[in-house]
Amino acid sequence: MAKTGKNILSISDVSIGYGTKTVAKNINFDLEAGMLCGVVGINGIGKSTLLRTLGGFQPKLSGNILLNDKPLEKYTSTTLSKELSVILTEPPASKNLTVQELIALGRQPYTNWLGTLTKEDKQQIQASLDAFLLDELRNNKCHELSDGQLQRVLVARAMAQDTSLILLDEPTTHLDLYHKVQILKMLQELAHHKQKTILFTSHEIELTIQLCDRILILDGKDHPFGDPCQLIEQKHFDTLFPSEMVQFDHETGTFKVNK
Amino acid sequence: MQGSRTYRFSFILMLLALLCSLLLNISSGSVTIPFPDTMSTLLGETPEIASWEYIIWDYRVPKAFTSILVGAGLSLSGLLMQTLFRNPLAGPFVLGISSGASLGAAILLMGTSIFAGYTSLSFLGDITLSIAASIGSFLVLLTVMIVAQRVKDTMALLIIGLMFGSITSAIVSVLAYFSSAEDLQRFNFWSFGSVGNLSVNQLLLLGSIVTVGILLSIVSIKSLNAFLLGENYAQSLGISLKKSRLTIIIATGLLAGGITAFAGPIAFVGLAVPHLTRQIFDTMEHKVLIPGVMLYGAILMLLCDTLAQLPNSASVLPINAITSLVGAPVVIWLLVRKRKMMF
């Protein structure tokens, strides 16, 4: 993996939550260009809240979030849209869009007031279609796609938006194992070859361990962050779930159900 | 998105259809005027019978242009609402915007004489009526928008729109109970809908309102397209939610409110035309859809008005009844054929 050494995202002492209710605090991590990072943790620990905070959808409670060395709150929605793209759990409001139309919307931050696509925009759209194997589906409507195909379209749209940071909220839900691996592999390729920094939340801890460059574990206390192998050695996965139900196997990097 | 070039042929066909329905509309009416004479009168010649010139220029032409404005404007407002509320069933009628306008008109036409003791409405010009109706529709639109912020469920939004309709009709019934027969009749005629009674000045005013609505919609094309992904995605694409939402609401309010004020509540055009247009233009790109729905709406309204004007008869059917008779089956047909309504 090529490292540039430049921090795209830098989080220090961040607390997240809603109003007076703190969901998680003391979150610290840095992400360099070209890194694929997974955020894991049990339900309700604040994965989505963290993503919504980083995406600018809700304010942080305290701490510093630096995106390309500039505080996140200093960005306007227009300037932010060129640095950060998101893929949310909610499906697109209109399923009547074609694959190509949906991906083309990713170019909005760069188009004029009427949204006219330039030659460069069209090249970007074509590159996204090709990268996610969507060229044959380009004229299909979104309601005709399977969950796996739709997820690929949404990621392709984020790629067309051409931002340094891409955030994804649970990109692997509703997918079978094959498509989970497919989408994560494609994210890995996007991160490593296009030097995009990608942060996603997931319940697929075993896949995350195998594919990610960094993992952030939200455990409600220290929120360990680092290389997957290091985290295994430091036994951070052992305490992720209540141990009477599942146990982490250090040899295989998988969870075993207690019988 | 696909270039508009692909749709050029459809647009040319629709423009031709618009021209044909315009001529058909002008040449039909309670007084039979032979088609060649209609044409020559339109081209500036003096017809055989002097009254024909008056009928065509002072009555039929303004009526035809009102139909075009009403059809195009209502369809556009329907398209804006369907995109803004992410709901295929949204339209000025369903969301209670037309009911709001009715309430405004009813309070003015029937309420003033009850509460303020005015016996005559002669001093209340039609301009006052349109202002009252516009205020009514704006108030409902704003309420619906505030509710839409809190209630994310689009189904609930439609139910709230229907409830507004019920509240309005209840208040109207109460007002009707206490008002004089004259006032009641005046309100009833307004609620039948009509495109035929506008003076040139009113037509110009309506034209300006619709033009502003259209311009605001054109400015919103980019944000409308982004809204197709949902509001969170739109924001992440650099769209200022507050500003664009407000622009779209003002455009919708001007279009639906202004038109309802002048032409009365006209059902189903706003709801049905966007869906019909998508049968021709298979795209969600608003650059194509906005001119598309306006053309389709204008054609449909001209044809409905031609139908309402029973040939060779002095009677004119209420336009609202015609649009419902045409529109409701269309919505049912779309639902049955596609099994699911999408926007």
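Guide: Strands here are DSSP runs of E with at least two residues, and helices are runs of H or I with at least four; both are numbered from the N terminus. The model under discussion is predicted.

Visitor: How many helices and strands does chain A contain?

Guide: Chain A has eight helices and twelve strands. Its radius of gyration is 18 Å, close to the 18 Å that the globule rule gives for 259 residues, so the chain is as compact as a globular protein of that length. The C-alpha trace spans about 55 × 40 × 35 Å along its principal axes, and 43% of the 259 residues count as buried.

Visitor: In what order do the strands of the open sheet in chain A stand?

Guide: Six strands make up this open sheet, and the order is E6-E7-E8-E3-E9-E10, with mixed pairing. Strand E6 (84–87) and strand E10 (225–226) of chain A each have a single partner strand, so one side of each lacks a neighbour in the sheet. Helix H1 (residues 47–54) of chain A packs on the sheet, where it touches strand E3 (36–40), E7 and strand E8 (197–201); the direction of H1 makes about 145° with that of E8(A).

Visitor: Is the pairing of E6(A) with strand E7 of chain A parallel or antiparallel?

Guide: The pairing of E6(A) with strand E7 (residues 165–168) is parallel, over four bridges. Within it, Leu84(A) is placed opposite Leu165(A) of E7(A).

Visitor: Which elements of chain A each supply at least two residues of the side that touches chain B?

Guide: The contact draws 25 residues from chain A and 23 residues from chain B. On the chain A side, helix H2 (77–80), E6 and helix H3 (99–105) each supply at least two residues. H3(A) gives the most, with three residues. By residue class, the chain A side divides into twelve nonpolar, ten polar and three charged.

Visitor: Where does His223(A) lie, and is the residue buried or exposed?

Guide: His223(A) lies in the loop between strand E9 (214–217) and E10 of chain A. A residue counts as buried with 20 or more other C-beta atoms within 10 Å, and as exposed with 12 or fewer. His223(A) has 23 such atoms within 10 Å, so this residue is buried. Asp13(A) lies in strand E1 (residues 7–18) of chain A; with 11 other C-beta atoms within 10 Å, Asp13(A) is exposed.

Definitions and conventions:
Residues numbered from 1 in each chain as written. Chains lettered and ligands numbered in written order. Predicted model: local features only at pLDDT ≥ 70, side-chain atom pairs only at ≥ 80, totals over all residues. Pairing = 2+ DSSP bridges. Contact = placed C-beta atoms within 7 Å. Axes fitted to C-alpha atoms, helices over the stretch in contact; angles between N-to-C directions. Nonpolar A, V, L, I, M, F, W, Y, C, P; charged D, E, K, R; others polar. Rg over C-alpha atoms; globule rule 2.2 N^0.38 Å.
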